[in-house]
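Here is a friendly walk through one structure, with stops at its surface, its pocket and its loops. Have the model open as you read.

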Amino acid sequence: MMTRRITQLLIGLAMYGISLALFIRAGLGLDPWDVFHQGVAGKIGWSIGTVVVVVSFLVLLLWIPLRQMPGFGTLANAVLVGVFADIGLALIPAFSHLGGQIAMLAGAVVLNGIASACYIGARLGPGARDGLMTGLARRTGWSVRLSRTLIEVVVLGVGWLLGGSVGVGTVVYALAIGPVVQLLLPLFTVPVKAPQSPVEAVPAAP
């Protein structure tokens with residue numbers, strides 16, 4: 001079961017990075033965090049994948065006062081999404097035709113939903129940004145929805161000011177990704193074996 005969980009996690013993170021590349025190549029707008037990543041990348045001259053990795057580890061520093069503990073999946077997420085985003089950008093061409101852009105945007109949303117369901121369903125730790133959201137909600141008493149909204153409004157605003165791409169894709173992602181993940185998550189959630197009862201856990205006498 002652990003082999004399946006790790007394999008599913010790694011495949012999910014690879015697909016997530018490729019979906020980010022698809023969003024960028026579609027040229028119709030990015031999700032809030034990637035608007036921020038793209039804006040930073042444009043200002044400092046790094047690849048967007050490098051920015052994703054660096055920002056992930058900076059966000060993990062914010063876990064310390066929130067008393068969040070990263071898992072294996074958290075650290076893998078911090079590294080692999082950015083790596084595969086750059087690989088995807090090296091392989092996927094940009095489209096100037098609106099029909100191609102729309103098709104690529106739709107594919108990006110679907111692939112991102114599958115990827116999210118895979119890595120969440122593997123149950124090996126949340127991504128850095130997800131953990132920031134849930135940790136903030138736990139420490140402040142705010143709802144997860146409010147915490148996520150506040151964080152994403154801030155990063156979206158800063159990213160837009162830095163030159164990140166905001167457009168119809170940003171709206172489509174915001175409206176579609178929740179339902180897509182909710183639909184797919186039951187298919188990819190790996191069941192975790194329930195712990196044994198105290199009686200079952202005691203080995204039989206020889």
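Predicted model: local features only at pLDDT ≥ 70, side-chain atom pairs only at ≥ 80, totals over all residues.

Valine 54 sits in helix 3.

What does Val54 form on the surface together with Ile44, Trp46, Leu58, Leu61 and Ile64? These six names make up a nonpolar patch, and their accessible area together comes to about 590 Å². Helix 3, which spans residues 48-66, is the main contributor to the patch, giving four residues.

Is leucine 60 buried or exposed? Its relative accessible area is 12%, and leucine 60 is therefore buried, the cut-off being under 20%.

## The largest pocket

Now turn to the largest pocket, which holds about 1100 Å³ of space. Its lining counts 36 residues, and those nearest the centre of the pocket are Asp130, Met133, Arg148, Glu152 and Tyr173. Sorted by class, the lining comprises 20 nonpolar residues, nine polar ones and seven charged ones.

Which helices each supply at least two residues of this lining? They are helix 1 (2-26), helix 2 (32-44), helix 4 (72-91), helix 5 (98-121), helix 6 (128-140), helix 7 (144-161) and helix 8 (168-188).

## Two arginines with positive phi

Most residues other than glycine have a negative phi. Arginine 67 is not a glycine, yet its phi is positive, at about 60 degrees. You will find arginine 67 in the loop between helix 3 and helix 4. With a relative accessible area of 64%, arginine 67 is exposed, because that term applies over 50%.

Arginine 123 is not a glycine either, and it has a positive phi of about 60 degrees. Where is arginine 123 placed? It belongs to the loop between helix 5 and helix 6. The relative accessible area of arginine 123 is 44%, which means that it is partly exposed.

Notes: Residues numbered from 1 in each chain as written. Heavy atoms only, no water. Patch = residues over 30% accessible without salt bridge, like charges linked within 9 Å, V, L, I, M, F, W, Y side chains within 5 Å. Areas by Shrake-Rupley, 256 points an atom, 1.4 Å probe, with all protein chains shown as cover. Salt bridge = Lys/Arg side-chain N within 4 Å of Asp/Glu carboxyl O. 1 Å grid on protein atoms, 1.4 Å probe; cavity = no way out; pocket = protein on both sides within 12 Å on 5 of 7 lines; lining within 4 Å. Points joined across faces, edges and corners; volume = space filled by probe spheres on them. Nonpolar A, V, L, I, M, F, W, Y, C, P; charged D, E, K, R; others polar. Buried < 20%, exposed > 50% of the residue type's maximum accessible area, 1.4 Å probe, protein only.
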